[in-house]
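Open the model in your viewer and keep the sequence panel beside it. This tour goes stop by stop, with something to select at each one.

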Amino acid sequence: MGLRLEFQKRTEDHPKWLPAATSIGAVLLAFVISGFILKSVGADPLYIYSYFWTASFGSWGSISDVVVKATPLLLIGLGSALSFKMRLWNIGGEGQFYMGAFFASMVVLLPMVNLQTTPKIVVFGLMMVMGMVGGALFGFIPGVLRAKYNINEVITTLMLNYIAVYWNNYWIFGKYSDAGFQMTKMFPKVAWLPRLADYAKQYKFFSGITLHAGVIFGLIAAVIVWIILNKSRWGYKITLIGDNPKAARYAGLDITKNIILVFMFSGALAGLAGMAEVSGVVHRLQERISTSYGFSGVIVAWLAKLNPVAVIIVSILFGALIVAGREIQPSGVSFLIQGITLFLVISSDVLLKYTLRIERTGKHSKSIEPEAALTEEAK
Amino acid sequence: MNPIEPTTETFAVEMKDITLRFPGVLANDRVNFTLRKGEIHALLGENGAGKSTLMNVLMGLYKPNAGSIFVDGKRVSFNSPRDAIAAGIGMVHQHFMLVPNQTVTENILIGLDEPKFVLNLKKYDQKVKDLANQFGIQIDPTSLIWQLSVGEQQRVEILKILYRGAQILIMDEPTAVLAPQEANELIDTLKGMARQGKSIIFISHKLNEVTAVADRLTILRKGQTTAEGITLGGITRESLASLMVGREIIFNLHKQEQAAGNVVLELNKVSALNNKNLLALRDVDLCLREGEILGIAGVAGNGQSELVEVITGLRECTGHILLEGKNIANKSPQASIAAGLAHIPEDRIGVGSAPNLSLTKNVIMKNYDHEPISSDWRINYTAADLRAKELKEQYKIQAPTIETQARKLSGGNLQKLILARELSSKPRLIVAMQPTRGLDVGAIEGVQELLLEERTQGSAILLVSEDLDELLSLSDRIAVMYEGEIVGTLNQKDADINTIGLMMTGSLRGDSSCSPEEQTTPAQASAEEPTSEQEAVTTFTEPRQFDRSKIVPMHRPFMESKREDKQTDDEGGE
């Protein structure tokens, strides 16, 4: 007797809880599989996992670190989710992030306003706007190319990432270098996003807590994206174009315009992430401000199944992996878990479309015994 | 399982007590089916009756929960279509699976072990040619698929199966995509193949066609056999229909005589290019009045699609298109919609609906930006759901809930959904392209009734159809298209199939006056237009001086696929 797995197409809608259940199941399974791999190289997975936990959620300081790391992932993840919803494969989050950081920094570096006299709120308000403009610009380029000339956005966004990185490098090496280092001078305090640590004098508890206001941008953005997708006309148009562009055109929608708009919106969110990073974390424009947040953001969006609320949760999980990964040698362990998680979550989608049928096969494999077939809602 | 029962005859295929359960649905309920060698056996039934499911069981795509299958008297159990093909069974699907940029021969060789590495196409061209000649199929093995008509592509699909040595052919609604003449040719070919010993299963829900082609037939209704292997002698169409749908079908539509009203749509020297940049519409003049159905007849690919696209704002053109006096030529689809146009597209899944979205989201596709569905930037989904529920009720759309994805609806119900959306907007003009194609008898009746009702209400209806019976029973006037021109317009009283058939092949030209009673002169129409538009008209008085640079084919990058490869997402099945 043997067993045979067979996938059968679902003829009815899957239950509402199933997507969440398969995602959570996939994440847990990823930890189990990673555990076996760690075990096979002689490590103790349980010890590593518990260390992961304490390193990321063990203290207020580390939790704040996790949220700081999660902030850019959240913003980029939201932008990616919106564009993926329309089946636009914007993977230029990295470049849009850098351009956002660059444009925001220009407020200080040029400077665009008098940094001595302008109130703080105006300075970083302007930085926010500039950051979003920078990101949106790097969304606009592939958007126009795609909408008007049907140039594949995967290629253009990917290539623009390099352009953005080296554009940035040019200015920090060439023009604004701080004594020859690959970074600009530290920004004046007026251009810093408020951090909890700034209030350590009043509240002892906050000392050393680096959490900055960027996370609020992220949360507000999540709410806005959720409203766009679920409540607004624009969200309806995005979903319709994403599902069937021909039907959308038949219904009188302007597809060209919407492609460009979605690209710009998506880019603006990544640009805002860049601004938050220079203004809230490093306080200068420098090399490698992103630890490939742009690409992780893509993964975050997929893991969250393009759901803005889930993007919040997933980006925190990823933030934790980044923070814990710093403390574990080799640091590849957290990438290992990330990779396996992504693989499993994406493959778990198969269970939304198919049911798993386990069939007992006898020795006489020629004659099946359909009576013995069990259907099982897998998981 | 029972041992092989002694039978007096060895059937090519024998399916016994096939039961297949999908969650919540009994798709096949103890179905019996036998196929004799060298016969054409029609499998008749409405959409969703379980015909395709039964054939998918035979092809090894589904495992039955119970029952047994015998091929040539031997019990078989297929795990995949590969096994079925090895056993000599092949299926021609409704949607062809061909590579447009490859030749006929290359398409036939796809997936075969032979040739192994070196491809001597010439040798295989000859092989294909010989095979085609053997069965009297006309095809040039070296032509590229995209150059072929739909009928020719179907021949390639048949050859593909024959080349693989199939003795048993399953044809899934083969005539649904063919013009009448092509359908007749196909039927001749099939009969020839049967004479040479091939056994053919012919899935259909068109009664007249089944009576023309089949030796025997099996009828399915709601997963059960209502007639098993009966011969056709002495059976009326009506009794077949009632076996199929379980009730009597009225074949006579109630069409009342009514006088046509004011002109709603007027086309004036409209020309357009097709996707291959060839002239597809040549100086088309048309007019259509309130309460009138104008049928457009023609063999597929003679400019009908382009005509519809031009009117609905999906394709650029030259000339004038006046809808209620407003020029809508070269405006956006939105302009046409705003001017009171409803469009029932040919491709229900690919164009008419968003397959993965809910009923609600499909219903509001054209009025999502109006009260009460939306105010300012918001969409009021409560109001939208309410509207969807109303329409679902009113148009009797059979779906579990309004949350159901459009792709899960059967063809007939999807068409009802589209009609509900389009007709509920109280349109002035309805452009319907093949509104009943691929639907079962019951659904066809419903669609036709709805169109007639709109006619009574005073809408103008442009009906493009390849089903001449439908055109003759619904239309007030019939315009025949041939190579992008309207070769003649007939009043319904004077129209007969022969005349139309001759006009469709370009061998007869008729009078193409706009309307019997009242003639609108082009001068009247253009008087309402701004002068710049008039210049455009004057450049078009001479049809041969067609300036291509004036019309750029509507290249919308987001729409990658050409018209030929109307890929429809078949997920969800029937």
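At what angle do the axes of helix H2 (residues 45-57) and helix H3 (residues 60-85) of chain A cross? Select both helices: the axes cross at roughly 85° and come within 6 Å. That makes H2(A) roughly perpendicular to H3(A), a label for angles of 65 to 115 degrees. Axes here are lines fitted to C-alpha atoms, for helices over the stretch in contact, with angles from 0 to 180 degrees between N-to-C directions.

Before moving on, note that this is a predicted model: local features need pLDDT of at least 70, side-chain atom pairs count only at pLDDT 80 or more, and totals for chains, interfaces and linings use all residues. Residues are numbered from 1 along each chain as its sequence is written, while chains are lettered from A and ligands numbered from 1 in the order in which they are written. Helices (H or I, at least four residues) and strands (E, at least two) are DSSP runs, numbered from the N terminus.

**Still in chain A**

Show side chains where the two helices touch. A:Ala55, A:Ser56 and A:Phe57 in H2(A) meet A:Ser62, A:Ile63 and A:Val66 in H3(A). Contact means C-beta atoms, placed from the backbone, within 7 Å. The residues of this contact divide into 4 nonpolar, 2 polar and no charged.

Now zoom out to the whole of chain A. It has 14 helices and 3 strands. Its C-alpha atoms fill a box of roughly 85 × 60 × 35 Å along the principal axes. Of its 379 residues, 46% count as buried, meaning that 20 or more other C-beta atoms, placed from the backbone, lie within 10 Å of the residue's own.

**Chain B: the six-strand sheet**

Select E6, E7, E8, E3, E9 and E10 of chain B. In that order they form an open sheet of 6 strands with mixed pairing. Two strands pair if DSSP finds at least two bridges between them. Strands E6 (89-92) and E10 (224-231) stand at the edges with a single partner strand each, so one side of each has no neighbour in the sheet. Neighbouring strands are turned by 15° against each other on average, direction ignored.

Pick out E3 (residues 40-44) and E8 (residues 199-204) of chain B: they run parallel, joined by 5 bridges. B:Leu44 stands opposite B:Ser204 in E8(B).

**Helix H1 of chain B**

Is helix H1 (residues 51-58) of chain B largely enclosed or exposed? 8 of its 8 residues are buried, so it is largely enclosed by the rest of the structure. Among them are B:Lys51, B:Asn56 and B:Leu58. Just after H1(B), B:Gly60 takes a positive phi of about 85°.

**The four-strand sheet**

Select E12, E11, E14 and E15 of chain B. These 4 strands form an open sheet in that order, with antiparallel pairing. E12 (279-289) and E15 (326-327) of chain B stand at its edges, each with a single partner strand. Inspect E11 (residues 263-273) and E14 (residues 318-323) of chain B, which pair over 5 bridges. B:Glu266 has B:Leu322 in E14(B) as its bridge partner. Helix H9 (residues 304-311) of chain B packs on this sheet, touching E11, E12 and E14.

**Last stop: the domains**

Colour chain B by domain: domain 1 (13-245), domain 2 (263-340 + 427-550) and domain 3 (355-425). These bounds come from an automatic or database domain assignment. The contact takes 11 residues from domain 1 of chain B and 11 residues from domain 2 of chain B. On the domain 1 side, helix H8 (residues 237-245) of chain B gives the most, with 3 residues.

Definitions and conventions:
Angles under 35 degrees count as roughly parallel, over 145 as roughly antiparallel, 65 to 115 as roughly perpendicular and the rest as oblique. Ala, Val, Leu, Ile, Met, Phe, Trp, Tyr, Cys and Pro count as nonpolar, Asp, Glu, Lys and Arg as charged, and the others, Gly among them, as polar. A residue is buried if 20 or more other C-beta atoms lie within 10 Å of its own, exposed if 12 or fewer, and partly exposed in between; C-beta atoms are placed from the backbone.
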